[in-house]
Amino acid sequence: MTQPPDKFESLLHEKRVIHPTAETKSRTYIKDYEAAYKQSIADPEAFWDQAAKELEWFSPWSKVLEWNYPWAKWFVDATCNISYNCLDRHVKTWRKNKVAVIWVGEQGEERIFTYAELYRQVNRCANALKSLGLKKGDRVTIYLPKIPEQIVAMLACARIGVIHSVVYSGFSAPALQSRIQDSEARLVITADVGYDRSKVVNLKIVVDQAVANCPTVEKVVVVRRQQPGVPLSASKEIDWYEWLKNQKPTCEPEKLDAEAPLYILYTSGTTGKPKGVVHVHGGYMVGTYLTAKYVFDLHDDDIYFCVADPGWVTGHSYIVYGPLLNGATILTAEGKPDYPDPGRWWSIIEQYGVTVFYTTPTAIRLLMKYGEDWPKKYDLSSLRVLGSVGEPINPEAWEWFYHVTGSKYPIMDTWWQTETGMILITPLPSIMLKPGSATRPFLGIEADVVDREGNSVPANTGGFAVIKKPWPAMMRTIYKDPDRYKSYWNIIPNCYTAGDVCRKDEDGYMWFMGRADDVIKVAGNRIGTAEVESALVSHHSVAEAAVIGVPHKTAGEAIKAFVILKQGEKQSAELIKALMAQVEKELGKIAVPRAIDIVPSLPKTRSGKIMRRVLKAKELGQDPGDISTLEE
Ligand code: WTA
């Protein structure tokens with residue numbers, strides 16, 4: 001983390017509170033948060049031990065937690081399999097014929113999988129993976145649009161102990177390539193195309209380019225959605241449906257150590273190289289199971305709609321694993337919230353009787369722009385619980401979301417990270433809410449706001465958000481980079497530093513204010529400034545680049561770049577366009593700066609480090625704080 005300023009001023013002083021309705025309270029699992037929380041942190045290991053016993057294990061643990069600061073092992077010596085708990089556990093019961101997944105395509109198509117059908121598909125896919133010689137510990141990259149095969153492929157890998165690395169299908173070839181290379185994947189699973197507001201996005205071409213430089217990749221499996229199907233090379237490429245067709249619908253799940261890796265998920269940090277966050281079967285299973293159950297208050301009659309893409313951690317934990325572990329019915333929809341019109345999600349809620357709706361502040365702000373008439377057109381009375389994730393939700397967007405859905409459904413503003421694996425700071429439906437606050441720590445979680453030395457700061461003073469004790473779904477390491485993992489636990493003594501700035505109010509409610517490091521949250525997507533800078537510098541005209549996040553009305557933050565050109569290069573509108581295209585080519589659309597300024601110099605420390613903080617203050621007309629280390 002780069003040095004953040006010593007003091008943080010929080011400008012938000014929202015006063016409104018909202019109490020749960022009697023209906024919400026009567027149904028929810030945790031009726032008295034204060035009492036449950038107190039009990040859970042009096043003995044967190046006993047708390048997690050109880051939670052773990054709600055799931056099935058092949059053999060029990062000798063110890064709940066082994067904590068060798070900063071290395072954790074949860075459910076020591078136990079064996080389990082997360083796919084068994086997502087599928088077999090339900091298929092043995094009446095849930096066999098319950099709907100597991102409802103998928104709605106961008107063109108309005110619908111595909112429905114019962115637990116039994118999902119089980120068969122996953123088992124076929126697991127057998128198909130085995131037929132290619134894949135085995136426990138191997139890595140598979142999944143680069144798919146938001147289609148059910150993504151879920152099937154993830155669970156199939158998990159079933160046989162293969163580690164999946166899902167890469168968001170909006171990433172470009174170089175970004176995909178570096179992720180495949182880092183994980184040394186033996187197989188890539190992709191599709192011919194994805195759809196974006198009816199535009200066809202050719203994914204196969206991206207994979208072809210990426211894989212050309214990935215010698216570890218032996219085969220590429222392609223889900224062919226278009227007719228006639230794209231041609232496949234006989235030696236290396238396999239059609240998904242052919243691959244599964246003759247496989248048996250049963251496959252014994254691998255009995256895995258609780259600490260066996262489940263997946264690697266690459267996320268942006270403060271350097272140019274994305275980090276491969278590693279999660280494991282046992283603890284991750286317990287953490288995502290319990291948070292999904294209590295935060296969304298999942299019961300068997302729920303229809304749970306999460307708008308995330310499984311390419312991000314929200315999709316991993318709260319489309320796939322957490323809800324399936326609970327035997328829930330999940331709804332997932334391809335496409336954007338305003339396509340074909342801004343009634344898209346509201347109409348899905350009405351049509352399917354969605355009860356739990358988990359979305360993002362960016363999407364809410366986008367829908368807000370289109371006005372209240374859109375949600376008003378639809379019957380949203382099936383809803384019970386709402387959710388928000390990925391970035392701070394401003395009180396105005398919170399209030400709008402609350403109001404247009406009926407002014408009675410609690411909004412769970414869930415704070416967590418790719419690294420944390422599970423929701424850590426969040427309301428439960430039964431607690432008092434404050435619009436704009438992620439409220440309180442989840443059961444079993446001890447969180448605080450501290451200064452750089454680790455001392456708690458007074459109420460309503462900004463500081464660093466930290467977690468004081470290990471939790472079961474925490475990442476276990478950064479793939480091939482244990483030092484980078486350790487750094488999370490070294491920044492502030494004796495705790496996990498999230499990289500977020502936060503304040504706690506007089507009621508202990510937490511108000512997240514954004515990142516303290518060089519990570520930008522654009523529409524909830526996590527983008528490292530260093531990655532964008534290195535993409536810009538890879539253009540032949542650019543000598544140096546610096547990137548900052550600036551406030552944006554819909555996306556929360558937008559990327560702004562400052563570029564120094566090489567000598568002899570001339571500024572022009574074409575050049576700016578070419579620089580934007582360069583970032584799109586290197587990283588993908590989501591990382592393209594909204595504005596690029598050509599500048600003669602950049603603020604730097606005497607040791608030559610760019611002071612983005614100074615650039616940002618200047619851009620926003622704020623006081624840059626301590627600039628004693630500034631050279632130019
Ligand atoms: C931000 C997404 C405020 C935060 C699950 C965190 C939030 C980063 C919230 C992790 C929230 C996520 N309120 N900020 N409810 N949820 N964040 O890894 O800055 O993509 O550190 O995980 O998102 O982003 P990531």
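Predicted model: local features only at pLDDT ≥ 70, side-chain atom pairs only at ≥ 80, totals over all residues.
I'll start with the ligand. Its shell consists of 17 residues, and the closest are D413, T418, D500, R515 and R526. Sorted by class, the shell holds six nonpolar, five polar and six charged residues.

On the side-chain side, a polar atom of D500 sits 2.5 Å from an oxygen atom of the ligand. The backbone also takes part: a backbone N or O atom of T414 is 2.7 Å from a ligand nitrogen. A polar backbone atom of E391 is 3.4 Å from a nitrogen atom of the ligand. As for cover, the ligand taken alone exposes 520 Å², and the protein buries 96% of that. Which elements give two or more residues to the shell? They are α11, residues 313-325, β20, residues 411-414, and β25, residues 510-515. Please keep α11 and β20 in mind, as both come back in the next part.

On to the sheets. There is an open sheet of seven strands, with mixed pairing, and the order reads β5-β4-β17-β16-β18-β19-β20. So β20, which gives residues to the ligand shell, is an edge strand here, and β5, residues 110-114, is the other; each has a single partner strand, so one side of each is left without a neighbour in the sheet. On average, neighbouring strands of this sheet are turned by 15° against each other, direction ignored. At the β5 end, β4, residues 99-104, pairs with β5 in the antiparallel sense over five bridges. Within that pair, V104 stands opposite E110.

What does α11 do with this sheet? The helix packs on it, touching β4, β16, β17, β18 and β19. The direction of α11 makes about 165° with that of β16.

Next, two hairpins. Strands β1, residues 63-68, and β2, residues 71-76, run antiparallel and are joined by five bridges. They form a hairpin with two residues between them, and L65 stands opposite W74. The other hairpin joins β28 to β29 through three residues. Those strands span 542-552 and 556-565, run antiparallel and share ten bridges, with A546 opposite F562.

Last, the backbone. Where is P70 placed? It is in the loop between β1 and β2, and the peptide bond from Y69 to P70 is cis, with omega near 0°. The bond from Y339 to P340 is also cis, with omega near 0°. P340 is in the loop between β17 and α12, the latter being residues 344-352. Then there is D297, a residue other than glycine with a positive phi, near 55°. D297 belongs to the loop between α10, residues 281-295, and β16.

That is the tour.

Methods: Residues numbered from 1 in each chain as written. Heavy atoms only, no water. Near = heavy atom within 4 Å. Polar contact = N/O pair within 3.5 Å; in protein donor to acceptor, adjacent residues only side chain to side chain. Areas by Shrake-Rupley, 256 points an atom, 1.4 Å probe, with all protein chains shown as cover. Helix = DSSP H or I, 4+ residues; strand = E, 2+ residues; numbered from the N terminus. Nonpolar A, V, L, I, M, F, W, Y, C, P; charged D, E, K, R; others polar. Pairing = 2+ DSSP bridges. Axes fitted to C-alpha atoms, helices over the stretch in contact; angles between N-to-C directions. Contact = heavy atoms within 4.5 Å.
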